Amino acid sequence: MITCRELAEQLLDFAAGQLPLGQQEHVEQHLRSCSSCAAYLESYQMTIHLSRQLPGPPLPPNLARQLRALLMSFDDQTR
Amino acid sequence: MEELIRVRSTPNSTEEQDPAHRPPTQEKLFDDYAPRVYHLAHRLLGNATDAEDVFLQVIRKLPTFRGKAAFSTWLYRVAVNATLASRHKRALREVAPLPEPLEDFHEDGHHRAPVRRWMNRPNHLALDRDAHQLMEKAIAGLPESYRDVYVLADVEGLPNPEVTEMLGLSVAAVKSRLHRARLLLRKTLAPYFEEQTA
């Protein structure tokens, strides 16, 4: 059976469903018998999920004004 | 709705006739693409002043878009190049050794301590402003070389081949850095999200 560390090393490919079948079975077998690794995998996937939800800092008002001015100047140039 | 800029050359290939290769409307640029450029620069550079400089550089380059790639791909490339150039100019290169995220295992390969489940479900955390701030701080604390890959791949959701090309790295290097960034972030966030013992 693979160790917890070996499982952690393979999480990227496992989470992406890109592990070869044999290795995937070894990981799944380990996860069934190790609650720490099951929690580790769950929190690894949650980290990715949360990152995808981040809204990002708002555009500062002065920058938004400059953006509008630049876009208007492009518009004038193409007329 | 009026296009932001007119592509100067006449589209002559199937690719260039693809709607994704056309410039966006001003509204789409203002509401969607421009904030994405600012978020990207802010996260990669770690401060608002430099992010604003990069943002304006990228916006000024919009009239050079020729429709040879999808607009979003072109925009990300320009934004990443401007960001890396800005960082290079300030000579903010890493000198500290990179942290080892797999140090929490014994030599026999087992966890040093039991791993606890996280108490909140993702859907709940996604609505939580404090959780957002915590995530942003954790991402800002990543080593630069890991943060670049993480922001592009996991925050912006770009596919690995695009990240590889933008950063001039091999696929193996992108995967390795992405994995290490995820492990480090997981480790940083764990104390805040783990279930508490009774």
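Me: Which residue of chain A does B:Asp154 form a salt bridge with?
Reply: B:Asp154 pairs with A:Arg52, and the closest N and O atoms are 3.3 Å apart. A salt bridge here is a side-chain nitrogen of Lys or Arg within 4 Å of a carboxyl oxygen of Asp or Glu.

Me: What kind of model is this, and which cut-offs apply?
Reply: This is a predicted model, where local features need pLDDT of at least 70, side-chain atom pairs count only at pLDDT 80 or more, and totals for chains, interfaces and linings use all residues. Residues are numbered from 1 along each chain as its sequence is written, chains are lettered from A and ligands numbered from 1 in the order in which they are written, and side-chain values use heavy atoms, with hydrogens and water left out.

Me: Back to the interface. How many salt bridges cross between chain B and chain A?
Reply: The rule finds three across that interface. Salt bridges that share partners also join A:Arg52, B:Asp154 and B:Arg182 into one network.

Me: And how many residues are in contact?
Reply: 55 residues of chain B are in contact with 43 residues of chain A, where contact means heavy atoms within 4.5 Å.

Me: What area is buried between them?
Reply: About 4600 Å², with carbon and sulfur atoms giving 67% of that. Buried area is the accessible area (1.4 Å probe) that two parts lose on being put together, summed over both. On the chain B side, B:Phe30, B:His179 and B:Arg182 lose the most area to chain A, together 13% of what that side buries.

Me: Switching to the fold. How many helices and strands does chain B have?
Reply: Nine helices and zero strands. Helices (H or I, at least four residues) and strands (E, at least two) are DSSP runs, numbered from the N terminus.

Me: How much of chain B is buried?
Reply: Buried residues make up 48% of its 198 residues. Buried means under 20% relative accessible area, exposed over 50%, partly exposed in between (1.4 Å probe, protein chains only).

Me: Where is the kink in H9(B)?
Reply: At B:Lys187, about 25°, shortly before the proline B:Pro191. The bend at a residue is the angle between axes fitted to the seven residues ending there and the seven starting there. Among the buried residues of H9(B) are B:His179, B:Arg182 and B:Phe193.

Me: What comes after H9, say B:Glu194? Buried or exposed?
Reply: B:Glu194 is found in the segment after H9 of chain B. B:Glu194 counts as buried because its relative accessibility is 14%.

Me: Which residues does B:Glu194 contact?
Reply: Leaving aside neighbours within four places in sequence, B:Arg116, B:Arg117, B:Trp118 and B:Met119. A polar contact of 3.4 Å joins the side chains of B:Glu194 and B:Arg116. A polar contact is a pair of N or O atoms within 3.5 Å; within protein, one must be able to donate a hydrogen and the other to accept it, and residues adjacent in sequence count only if both atoms are side-chain atoms.

Me: Last topic, helix H2. Which residues does B:Asp32 bridge to?
Reply: B:Lys28, with the closest N and O atoms 2.7 Å apart, and B:Arg36, at 3.0 Å. B:Asp32 and B:Lys28 are four residues apart in helix H2 of chain B, so about one helical turn separates them.

Me: And what does B:Glu136 bridge to?
Reply: B:Arg43, the closest N and O atoms being 2.6 Å apart. B:Glu136 lies in helix H6 of chain B and B:Arg43 in helix H2 of chain B, so the pair ties together parts that are 93 residues apart in sequence. B:Arg43 counts as buried, at 5% relative accessibility, while B:Glu136 counts as partly exposed, at 23%.
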